[in-house]
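Subject: Structure for your review

Dear colleague,

Please find below the structure that I promised to hand over. My notes on it follow.

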Amino acid sequence: MKVGIVILCRYTSRRLPGKILMKLHGRCVLQHIVDRVRQADPNYPMVVATSNDSSDEPIIRYCVEHDIPFVRGSLQNVADRFLTAADFLGVDYAVRINGDNVLLDGTVLNQIVQIAATGLYDFVTNVPGRTFPFGMSVEAVSVDYYRRIVRYFTDASDKEHVTKYIYDHPDEGSRFVYKNTACPRAVGLQLALDTGDDFARIESILDHLGEGASSAPLAYVADIAQALDRPDPWKGKHGPLLIAEIGGNHEGDYDSARRMTALAVDCQVDYVKFQLYRGDTLVNPLESPDRNRHFQKFELTKDQHLELAQMCRDGGVGYMASVWDLSFLDWIDDFIPIYKIGSGDLTARPVVREFALRGKPMIVATGLSTLAEVLEEVAFIQSVNSVFTDDRMLALLQCTSMYPIPDGEANLAVMQTLHAATGLTVGYSDHTEGDLALRVAASLGARILEFHFTDRREGQAFRDHRVSLLPEGVRALQYDLDRIQPLTGDGIK
């Protein structure tokens, strides 16, 4: 059985006129579709089927200039035009591809062609049930069968929509429905090119796919599309995302932890952050018994951590934690919408891999690390899960791991270096005394501001209290952040 490909298109689309020749990622829409068909199999007989109307002359000129076969037919009777194209190819089965199928999946096309080539079915389709995204519809119809039924297309909509009659008469002819079982996360995604918004979205997807755009499989496309659909996780109530790091300031006292959490929630920061660890798995008790005892002193129980997380949730504030013991992750994961990798774990590949595999937005602090180490870790994270090529999924924090640091060690300009080197979201994790560094970081473009938080500094021996903001300091920072963004402006003179 010989199978051919018919690309149905016209220039005067109702919602997006001229879309078939619009440039996307350096090539017009029609060329993207043609390239994807050829990438699936360069030997497929293929033809562009457009109309006799003068409005479609630009399509004809393009086909002539780029050596793409074409046929012309009725403007209104698209079903007849489809049959004319099938006869032009001289095939037993014609596969219908629409002009909105910019992200046509080659594997799906190949599978449907192979099923049609068995000759067992009159109609092979992946449309019923919508297990594939919109814009990835592939239908193969027996030319003889289609010629028999086209005489019953008395309704104008049957003639316009080509296969509508077949779907409206499910008991006629034999058919095979090809379902998506390989990539369930792609079900129902809107990938059809129909409007200006669709155009912008598909352009973003193609930009993320890069040079492999013509052959990118459904799974890659779905990951990128879902990432683009996600809300911006770095958008805070006052501009940058504000993370109040209680960390170890509670020093193992649960009442102190609750009191600080309540104060942070009352300040309406975006996230309250803790650290989850066990002294025995963090520090070898034989190698460093004093440090082991120190971290044991700072431990909170599972139930205590869960209650603190619930306090945040009940108060309308996000909960975040640096999880240093992966055995804790399963029971706390439901409360953590954004993962935080502390500076000490940046090169801890087994830990980082586990977080990357889970696919939530991730913030990575870069204290203790060289630029080369940061770039290597970014590449590693992205190799584990390609979703982290999106700047809404991965952020880097400039951080200097001293407590406290002098102003000269904050090095806020590193944020621009990290952004230029990776294209990712950047922010700042503060270890200075006072709050000026946070304001300067915001004015330099920090999307995330992390600062230590406490209820009092007087009488506190633990070092982190010195670099912590008090509630009144947080409110003052929020007031200034509300002014910094308008003052910075949009850069348009």
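I begin with strand β15 (residues 362-365), which is covered on both faces. Met362 and Val364 lie on one side, Ile363 and Ala365 on the other, and all of them are buried. Please bear in mind that this is a predicted model. The mean pLDDT of the protein chain is 92, and 100% of its residues reach 70 or more.

Strand β15 has a partner in strand β14 (residues 339-341), to which three bridges join it in a parallel arrangement. Within this pair, Ile341 has Val364 as its bridge partner. Together with helix α15 (residues 349-358), β14 and β15 form a right-handed β-α-β unit. Strand β15 also pairs with strand β16 (residues 394-398), again in the parallel sense, over four bridges. Here Ala365 stands opposite Leu397 of β16. The chain passes from β15 to β16 through helix α16 (residues 371-384), and this β-α-β crossover is right-handed.

Six of the six residues of β4 (residues 46-51) are buried. Met46, Val48 and Thr50 point one way from this strand, while Val47, Ala49 and Ser51 point the other way. In a regular strand the side chains alternate between the two faces of the sheet. Strand β1 (residues 3-8) pairs with β4 in the parallel sense over four bridges, and Leu8 has Ala49 as its bridge partner. Four bridges also join β4 to strand β5 (residues 70-73), and these two strands run parallel. Ala49 is the bridge partner of Val71 in β5, and Val48 stands opposite Phe70. Strand β5 has a covered face, with Val71 and Gly73, and an uncovered face, with Phe70 and Arg72.

On which side of helix α10 are its buried residues? The buried residues of α10 are Tyr254, Ser256, Ala257, Met260, Thr261, Ala264, Val265 and Cys267. They cover an arc of only 165° around the axis, which puts them on the same side of α10. The face turned away from this buried side carries the exposed residues Asp255 and Asp266. The cover over the buried residues of α10 includes β11, β12 (271-276), α13 (302-314), β18 and α19. As for length, the 14 residues of α10 (residues 254-267) should span 20 Å at 1.5 Å a residue, and this agrees with the 20 Å between its end C-alpha atoms. Gln268, which follows the helix, has a positive phi near 55°.

In helix α18 (residues 436-443), the buried residues are Ala437, Leu438, Arg439, Ala441 and Ala442. Among the elements that cover them are β11 (239-247), α17 (414-422), β17 (425-429), β18 (448-453), β19 (468-469) and α19 (471-488). Gly445 follows α18 and has a positive phi, near 105°.

Finally, a word on confidence. Where pLDDT is low, the predicted coordinates should not be read in detail.

With kind regards

Key. Residues numbered from 1 in each chain as written. Predicted model: local features only at pLDDT ≥ 70, side-chain atom pairs only at ≥ 80, totals over all residues. Heavy atoms only, no water. Buried < 20%, exposed > 50% of the residue type's maximum accessible area, 1.4 Å probe, protein only. Contact = heavy atoms within 4.5 Å. Pairing = 2+ DSSP bridges. Right-handed = clockwise from strand over helix to strand, strands pointing away. Expected span 1.5 Å × (residues − 1). Arc of directions from axis to C-beta. pLDDT = per-residue confidence, 0-100.
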